[in-house]
Amino acid sequence: MRDSLNRMAAMTARYYYLLRSSWLRLLELIYWPAMQMLVWGFLYTYLYDSKSSMTSTAGMLLGAVLLWDVLFRGQLGFSFTFLEEIWSRNLANLMMSPLKPAELAASLMLMSLIRLLIGTIPVTILTWLLFGFNIYALGFGLFAFLVNLVLTSWAIGLVVSGMVIRQGLGAESLAYSVMILLLPLCCVYYPVWALPAWLQPVAWSLTPTYVFEGMRAMLLDGVFRADLMVECLALNAVYLGLGFTTFILLLSSARHRGGLLTMGE
Amino acid sequence: MSNIEKFPSDRKAKPMPASLPVTDTPTEVEAEPAIAVEDLCKKYGSHWAVDEVNFIVPKGWTVGLLGGNGAGKTTTIAMIMGLVIPTVGSAKVLGCDMAQERHKVLSRMNFESPYVALPARLTVRENLMVFGRLYGVSNVKARIEELTEDFELGDILDRATGRLSAGQKTRVSVAKALINDPEVLLLDEPTASLDPDRAEWVRSRLRAFQQRRGATILLSSHNMPEVEALCDFVVIMSKGRVVAMGRPKELVERFKCEDLDEVFIYLARVA
């Protein structure tokens with residue numbers, strides 16, 4: 001156990017050294033969420049000031065954008081941290097070291113969280129200061145939303161990283177594109193009932209749906225839907241298990257196919 | 001290994017030329033060799049990249065794995081490292097099957113390959129620190145100091161690895177490969193990017209390491225003088241198969257050649 005923790009600490013140090021080596025990388029973590037927040041923040045201000053029927057949904061829109069960004073950036077943080085190993089042709093060094101796949105995955109999860117916090121905290125404070133929208137007012141609900149979204153982002157990150165190991169850099173674009181598939185299905189900006197009836201079970205099979213429904217219940221009705229969060233957590237446990245199993249199977253498949261040694265060439 | 005010299009022929013498409021002896025093998029074999037490769041095959045699609053390769057590397061020996069481009073050396077080394085799973089056969093290191101139980105021995109071995117690089121943005125010190133901790137080196141800082149002295153890394157220790165010259169990178173990669181004082185070291189073209197002077201300097205460091213540690217080294221190279229200088233034994237591959245094995249001098253005598261270079265060229269043409 002101690003050896004395992006040491007190896008994870010070594011990997012965390014490796015990613016810390018990488019972040020530290022370039023202020024541009026650090027800036028980039030904040031830049032995209034900040035720009036996106038500015039656009040949606042101005043829209044929020046416009047809707048709020050217009051006193052139209054959309055006023056009540058303006059805050060919900062901004063909350064949805066912030067939470068979607070947690071999911072999106074969480075997955076990107078996981079996948080990009082892994083892709084760094086491919087880009088630097090370092091994967092074989094790691095695979096030949098005593099580092100176990102579970103330890104690599106845990107290190108990527110930790111780094112995804114750190115990157116997420118670096119990118120998200122300044123943006124949420126900016127939103128509060130510029131647009132008066134305080135997402136921290138959601139209290140424990142926000143914590144439950146974040147935990148569930150981060151767990152989902154890790155499950156997806158594991159599958160994306162496994163695909164890159166199996167298929168090589170040809171699968172790199174999955175890191176950007178896979179989340180877009182979820183966007184219409186997990187009801188970020190509209191309730192589940194807005195979907196066609198046949199698509200609603202699909203939406204309920206996706207963990208982010210529970211979070212966004214929970215967020216709407218909280219912002220519109222002031223109710224924390226613990227039932228949704230518990231269901232979501234259970235579903236996340238399944239998805240995380242599936243994600244890790246997929247990662248291991250794809251790694252094993254890559255060892256059968258060959259190419260791990262020359263990956264990134 | 002009972003069948004170290006056996007080349008089963010029931011599936012063979014290309015029988016070995018009778019003139020190519022493949023029967024020499026290390027004789028001072030201990031009960032458990034450091035590396036044991038048995039009936040090793042790897043098939044990609046319809047192509048056998050490695051075809052029934054058998055050899056052992058006794059503990060403390062330095063063995064050269066030679067062959068032209070596409071001979072199957074890198075695939076063989078990748079299977080010995082456990083990065084590629086054999087289609088048939090097995091590769092064992094320190095008694096562990098590398099396809100199934102590689103994590104039992106990974107902390108006791110290490111490797112260096114031109115296909116692999118250290119993270120370019122990290123400094124040399126940071127890279128050695130990360131790998132030292134990954135390999136569970138007890139006093140990483142002291143070990144880095146030793147390697148810094150051995151490989152004259154003092155001037156470049158705090159420079160980004162990506163900004164180093166090819167020769168400096170090779171020295172750092174070899175230093176990384178020795179960070180855990182490995183019992184088994186796999187080297188793929190360790191001096192390929194070095195000038196002759198630096199190459200000899202690295203060879204002297206490897207010899208010193210091998211003698212001090214009693215380590216086992218499997219070395220892939222195209223540099224025949226290097227192989228003759230470093231290796232106790234040589235395995236020559238062509239088209240995925242072993243076409244000759246023996247001590248360098250024995251091979252030169254057996255094939256009536258001037259040196260190992262000539263042996264290599266001869267075997268590459270006839271095999």
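## Chain B and its contact with chain A

Helix H1 (residues 2-20) of chain A packs against H2(B) at an angle of about 165°, with the axes 8 Å apart. Axes here are lines fitted to C-alpha atoms, for helices over the stretch in contact, and angles run from 0 to 180 degrees between N-to-C directions. H1(A) and H2(B) are therefore roughly antiparallel (the word covers angles over 145 degrees). Who makes the contact? From H1(A) come Asn6(A), Arg7(A), Ala9(A), Ala10(A), Ala13(A), Arg14(A) and Tyr17(A), and from H2(B) come Glu126(B), Val130(B), Arg133(B) and Leu134(B). Contact means C-beta atoms, placed from the backbone, within 7 Å.

A quick note on what you're looking at: this is a predicted model, where local features need pLDDT of at least 70, side-chain atom pairs count only at pLDDT 80 or more, and totals for chains, interfaces and linings use all residues. Residues are numbered from 1 along each chain as its sequence is written, while chains are lettered from A and ligands numbered from 1 in the order in which they are written.

Zooming out to the whole interface, 28 residues of chain B are in contact with 29 residues of chain A. On the chain B side, helix H1 (73-81) and helix H2 (124-134) each supply at least two residues, and H2(B) gives the largest share, five residues.

Now for chain B by itself. It has eight helices and ten strands, which are DSSP runs (helices H or I, at least four residues; strands E, at least two) numbered from the N terminus. Six strands form an open sheet in the order E6-E7-E8-E3-E9-E10 (chain B), with mixed pairing; strands pair if DSSP finds at least two bridges between them. E6(B) and E10(B) stand at the edges with a single partner strand each, so one side of each has no neighbour in the sheet. The twist averages 15° from one strand to the next.

Inside that sheet, E3(B) (residues 62-67) and E8(B) (residues 216-220) pair in the parallel sense over four bridges. Gly64(B) has Leu219(B) as its bridge partner in E8(B).

| Helix | Strands touched | Angle |
|---|---|---|
| H8(B), residues 260-270 | E3, E9 and E10 of chain B | about 30° with E9(B) |

Conventions
Two residues are in contact if their C-beta atoms, placed from the backbone, lie within 7 Å. Angles under 35 degrees count as roughly parallel, over 145 as roughly antiparallel, 65 to 115 as roughly perpendicular and the rest as oblique.
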